[in-house]
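This report describes the model shown below. It begins with one residue and its surroundings and then turns to the chain as a whole.

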Amino acid sequence: MTSRSLAVSGALLEGKTTDLLAIDGLIAEIGPGLDLSRAEEVIDGTDLILAPSLVNGHTHAAMAILRGRGGDLPLDRWLQEVIWPIEKGLSGEDIYWGTRLACIEMARNGVSEFWDMYWHSPDAARAVRDAGLRVVAGPVVLSLPGAADPAKDEAALIEDLDRIGEMGPLVRPAIAPHAIYTVGPDRLQRLADLAAERKLPIHIHLSETEKEVDDCVSEHGLRPAAYIDRLGLLGPETLLAHGVWLDDDELDLVAERGATVVTNPVANQKLAVGRTFPLPRALEAGVSIGLGTDGPASNDSLDPLSDLKVLALAQRNAANDAAVLGSGEAWRIATGQASNLLRPYRPLEPGSPADFILLNGKAPELATGELTSNLVFAASGAAVDTLVVDGRPVSRHREVSGSDEVLERVSVIDSRLVDGSGRD
Ligand SMILES: [Zn+2]
């Protein structure tokens with residue numbers, strides 16, 4: 001089998017001019033003055049800054065086609081009156097094109113990998129594969145009257161997991177119970193067993209609202225983290241989305257089990273969850289942390305760099321301390337480096353996957369001062385020029401191939417949803 005190769009020449013890395021050679025999706029060499037004649041393609045890195053790509057630790061990508069609908073309603077009415085009725089009518093093809101739309105946006109914003117949880121997950125996974133990004137795709141398990149697919153049984157779930165598992169090296173399946181208030185304890189326990197049996201990660205919303213905590217305590221006599229621990233769901237391969245209302249004992253427990261909390265500061269504020277995730281306490285306890293956008297209908301952008309600024313601002317303001325969450329730590333969180341589950345390798349080193357971004361060094365927001373500080377507090381995804389995933393350019397100079405077809409398809413879906421729902 002012939003190998004495939006890609007190089008970057010003359011980009012800036014930590015202020016020094018650097019070349020990079022990727023072979024078969026891995027970084028083979030990185031440093032000045034490399035012999036790049038072996039590369040099939042060379043990206044001219046002049047005026048570009050080499051940096052690790054971003055990891056979006058929690059989203060529902062296909063909800064890009066539900067964006068901008070009912071966004072001024074309170075959470076329960078938004079779900080029950082707008083989102084769930086529309087979701088019932090979505091086909092696998094709708095999910096495919098909605099996810100492709102989200103992938104264009106994420107690629108332009110420098111996201112190489114995301115954790116997704118949604119209906120028709122094999123179709124979403126296929127879309128991400130076709131887009132050339134990485135995904136951990138979880139077919140959502142949710143049993144609630146009025147929701148899209150309350151009767152999804154174990155056999156159908158296993159079939160979905162198998163289909164996702166066959167989509168190649170960039171796509172991995174996950175067990176994704178929606179939340180403790182939408183899936184009962186017996187089912188949660190069975191899902192924990194299934195995850196252990198198949199060696200799959202678990203992706204679940206936890207402690208997003210105070211009501212969830214109160215209901216859990218009154219129904220089960222335990223707070224949410226202790227409750228899922230008792231059911232066998234809490235371990236090093238577990239990703240907890242939100243964790244806003246976790247208390248000190250729960251953070252210690254999450255750290256002890258090695259689970260990751262993905263904080264979603266923008267979605268939390270848009271949906272007014274009433275508290276800021278206790279990040280300083282979580283870091284002190286040793287909890288692994290990631291950053292997520294959450295679904296594009298509850299954010300509404302898919303731009304982790306923008307959300308990173310909100311994260312830092314919210315944390316500093318909540319702590320009444322401008323020294324909380326330094327830029328370096330914030331950047332590690334956004335690039336998945338504060339969690340072995342999100343990024344189990346050091347980026348930009350020989351032997352690591354060739355997933356990286358090239359930032360526009362001519363962007364005014366990056367022109368002066370410290371790069372990391374500027375990335376956290378000044379830049380948005382608009383500063384990302386090029387995204388490479390698995391040694392392949394996905395976005396070049398902010399162009400993503402196939403975008404025209406995707407936009408045409410989602411425009412047709414959008415018109416149908418507007419007509420069908422009668423809400424717009
Ligand atoms: Zn979510």
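## Leu194 and its contacts

In this predicted model, Leu194 touches Leu157, Ile158, Leu161 and Ile175, leaving aside residues up to four places away in sequence. Leu194 is part of helix α5, which covers residues 185-198. With a relative accessibility of 5%, Leu194 falls under the 20% cut-off and therefore counts as buried.

One of the residues touched by Leu194 is Ile158. Leu194 and Ile158 are 36 residues apart along the chain, and their C-alpha atoms are separated by 9.2 Å.

## Overall architecture

The protein chain contains 14 helices and 18 strands. Its radius of gyration is 21 Å, close to the 22 Å that the globule rule gives for 424 residues, so the chain is as compact as a globular protein of that length. The C-alpha trace spans about 65 × 50 × 45 Å along its principal axes.

Among contacts in the protein chain with a separation of 6 or more, 71% are between residues 24 or more positions apart. Of the 424 residues, 56% count as buried.

## Surface and charge

The protein chain has an accessible surface of about 17,000 Å², and carbon and sulfur atoms account for 48% of this area.

## Cysteines

How many disulfides does a search of the whole structure find? The search finds zero. Cys103 has a relative accessibility of 2%, under the 20% cut-off, and so counts as buried. Cys216, at 4% relative accessibility, also counts as buried.

## Backbone features

Asn299 and Asp300 are joined by a cis peptide bond, with omega about 10°. Asp300 is located in the loop between β14 (288-291) and α11 (304-319).

Asp24 is not a glycine, yet its phi is positive, at about 50°. Asp24 sits in the loop between β2 (16-23) and β3 (26-31). Its relative accessible area is 38%, so Asp24 is partly exposed.

His242, likewise not a glycine, has a positive phi of about 90°. His242 belongs to strand β12, residues 238-242. Is His242 buried or exposed? At 0% relative accessibility, His242 counts as buried.

Methods. Residues are numbered from 1 along each chain as its sequence is written. This is a predicted model: local features need pLDDT of at least 70, side-chain atom pairs count only at pLDDT 80 or more; totals for chains, interfaces and linings use all residues. Side-chain values use heavy atoms; hydrogens and water are left out. Helices (H or I, at least four residues) and strands (E, at least two) are DSSP runs, numbered from the N terminus. The radius of gyration is taken over C-alpha atoms; the globule rule is 2.2 Å times the number of residues to the power 0.38. Buried means under 20% relative accessible area, exposed over 50%, partly exposed in between (1.4 Å probe, protein chains only). Contact means heavy atoms within 4.5 Å. Accessible areas come from the Shrake-Rupley method with a 1.4 Å probe; for residues, only the protein chains shown count as cover. A disulfide is a pair of cysteine sulfur atoms within 2.5 Å.
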